[in-house]
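This report walks through pockets, packing and charge pairs. Keep the model open while reading.

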Amino acid sequence: MNLLTRKQSKDLDKISIEDFKIEPNILMENAGKLISIKSIELLSNINNPFILVVSGNGNNGGDALVAAKILDKKKYNVKIFTLLNQNRKNLSLKYYEQCISRNIPIIFDNDIDKIKTPDLIIDGLLGTGIKQKIRKETARIIKWINESNSIVLSIDVPSGLNIDSGIVDDVCVKASYTFTIEAQKLGMIFRDGKKYSGIVQTAKIGFPKKAFSAISGLNWKLFNERCVNNFLKKPKIDKNKYNSGKVLIIAGSRGMTGASILATYGALRSGAGMTISIVASSLNNIYEKTIIEGITLSLEDNDKGYLAIEHYDKIMEKVKWADSILLGPGLGRHKDTLKLIKKLIFSIKKPLVVDADGLFIFKNNYQELNNRKYPLIITPHFGELSNILGINKNELLYNFPDIMTNFMKNFYHVALVKQIPSCTFYGKNVIINTSGNPGLATAGSGDVLSGIIASFVAQGILINDATALAAFIHGKSSDIILNKKGYRGQIPSDLFNSIPEVIMGYEKS
């Protein structure tokens, strides 16, 4: 399923109308007709329902007015509340005048508090157009809608929702249902989007299929349950520990040994046949007691508590053994450790997952990673991503689609961005995860995820598929824990028991 950004939604309109000669009024009338049908469906159990159509200045305001006209023809009790600027000569004004000619009652701003509670409110107020803070009078209308206790049907997106970020800055219509035009919008999936969108239904109103292929930008798709079955099957009868995936883990330092342990068990619990965790010798006693199913390689550190550039040769010897390598979690930021990280990234020829401290050295300089010629996955959270991009975190938050579109023009590897929800970027494609919950917002859960990614890569799954699959399994494992421990009670090691439970469900065929 493809999703659209604000720019892509506008481009779809423009391309369909200008290049494919689709009449705008046909699109608006088709939308209005489908909205009226949905409205009638929602009111099927209500006797003599009262419908309030809320119309703004945009196209979805016009869609709402077409629906009002149709519902009035069908003898429904319809009233219109409008903020339409009658000096604007657009298509919405045409349908507004048609509603006036039918004597449909029109209500203006000062009279909204006098309206009796509608059975259904059709929200055509703002749609995809919101870019900045909502005006005071519009915010008052949205608050009135939310306090009405009516069924609310939003057109395209709930008014007030930023369709690129999924953020609600001030107020937003809390829809019971959202009738989204042609394709779901990105912000309905991100952050607050699901909370405000209610039950979402897509309405096909006549945009040509070829118009979609002409849209520029990234191709945003959802990763869901059906995708998993393509990758996780019952293992072949002749599987053994050597051909089940060998993962080399370069992680951990004094005070952050847990990062290496969590990553190691993330790899083992998701099917890796063998792991070797490279550790500073002064910390080896911790790892030997904890990583009892994996192998540890202890490198002399003279009680420094971290890996450093002098360990490079020993590490590269073990790289030959591995099918994939994980580098970064909990390694720390000592200058000699950072030298090691950088040299390893550009020397290792096997598929490499770089997370956490492994990315720190590329502050303001992510393009340098393109000098690596071998498979690479980076897994930054928003803070780490803003660091390597050299931009403010809030700017990234609000302009995520545009920033990532530009980023992927200049980044030639795979990036798993751990936001809400996590997104796997590769080439011109983005795979949006559909599992997980806020219980994952705890230190260490990302280390487990990195281990799962490295494991799936070692098992022979393509790096982009392995990344998206790992994000889904990681999130679904947390969803299982949610039913037992809630949000706040989750810790990363809880995932070690639920990961096998999730994977087992796909291994039956």
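The largest pocket holds about 1,200 Å³ of space. This is a predicted model: local features need pLDDT of at least 70, side-chain atom pairs count only at pLDDT 80 or more, and totals for chains, interfaces and linings use all residues. Residues are numbered from 1 along each chain as its sequence is written, and side-chain values use heavy atoms, with hydrogens and water left out.

**Pocket and cavity**

The search ran on a 1 Å grid over the protein atoms alone. A pocket is an open set of points with protein on both sides within 12 Å along at least five of seven lines. A cavity is a set of points where a 1.4 Å probe fits but cannot get out. Lining residues have an atom within 4 Å of a point. Grid points are joined across faces, edges and corners, and a volume is the space filled by probe spheres set on the points.

The largest pocket has 40 lining residues. Nearest its centre lie Lys418, Gln419, Ile420, Leu440 and Ala441. Two or more lining residues come from each of α6 (193-197), α9 (257-269), α14 (382-389), α17 (445-458) and α18. Helices here are DSSP runs (H or I, at least four residues), strands are E runs of at least two, and both are numbered from the N terminus. Helix α17 gives the largest share of the lining, four residues. By class, the lining has 14 nonpolar, 17 polar and nine charged residues. Ala, Val, Leu, Ile, Met, Phe, Trp, Tyr, Cys and Pro count as nonpolar, Asp, Glu, Lys and Arg as charged, and the others, Gly among them, as polar.

There is one cavity of 30 Å³ or more. The largest cavity holds about 30 Å³ of space. Its lining is Gly439, Leu440, Thr442, Ser445, Gln490, Ile491, Pro492 and Leu495. These divide into four nonpolar, four polar and no charged residues.

**Salt bridges**

The structure holds 17 salt bridges (a side-chain nitrogen of Lys or Arg within 4 Å of a carboxyl oxygen of Asp or Glu). Three of them are listed here.

| Pair | Closest N to O distance |
|---|---|
| Glu225 and Lys476 | 2.6 Å |
| Asp357 and Arg333 | 3.2 Å |

Glu225 and Lys476 form a salt bridge. They link distant parts of the chain: Glu225 sits in helix α8 (residues 225-228) and Lys476 in helix α18 (residues 463-485), 251 residues apart. Burial is scored by relative accessible area: buried means under 20%, exposed over 50%, partly exposed in between (1.4 Å probe, protein chains only). Glu225 is partly exposed at 36%. Lys476 is partly exposed at 24%.

Asp357 pairs with Arg333. Asp357 lies in helix α13 (residues 357-360), while Arg333 lies in the loop between β14 (324-327) and α12 (335-347), 24 residues away. Asp357 is buried at 9%, whereas Arg333 is partly exposed at 49%.

Asp355 is in the loop between β15 (352-354) and α13, and Lys418 is in the loop between β17 (414-417) and β18 (423-426), so the bridge ties together parts 63 residues apart in sequence. Both residues of the Asp355 and Lys418 pair are buried. Lys418 also lies among the residues nearest the centre of the largest pocket.

**Cores and buried elements**

A nonpolar core is a set of buried Ala, Val, Leu, Ile, Met, Phe, Trp, Tyr and Cys residues joined through side-chain atoms within 4.5 Å. Which members of the largest core touch the most other members? They are Phe425 and Ile473, in a core of 103 residues. Helix α18 gives the most to this core, with nine residues. Contact means heavy atoms within 4.5 Å. Not counting residues up to four places away in sequence, Ile473 touches Val228, Leu232, Phe456, Ile499, Val502, Ile503 and Tyr506. Another core, of 38 residues, lies apart from it, with Val53, Ala67, Ile155 and Ala183 among its members.

Helix α14 is largely enclosed by the rest of the structure, because seven of its eight residues are buried. The buried residues of α14 pack against α13, β16 (376-378), α15 (393-398), α16 (400-409) and β17. Gly390 follows α14, with a positive phi near 75°.

Ser277 lies in strand β12 (residues 274-280). Ser277 is buried, at 0% relative accessible area.
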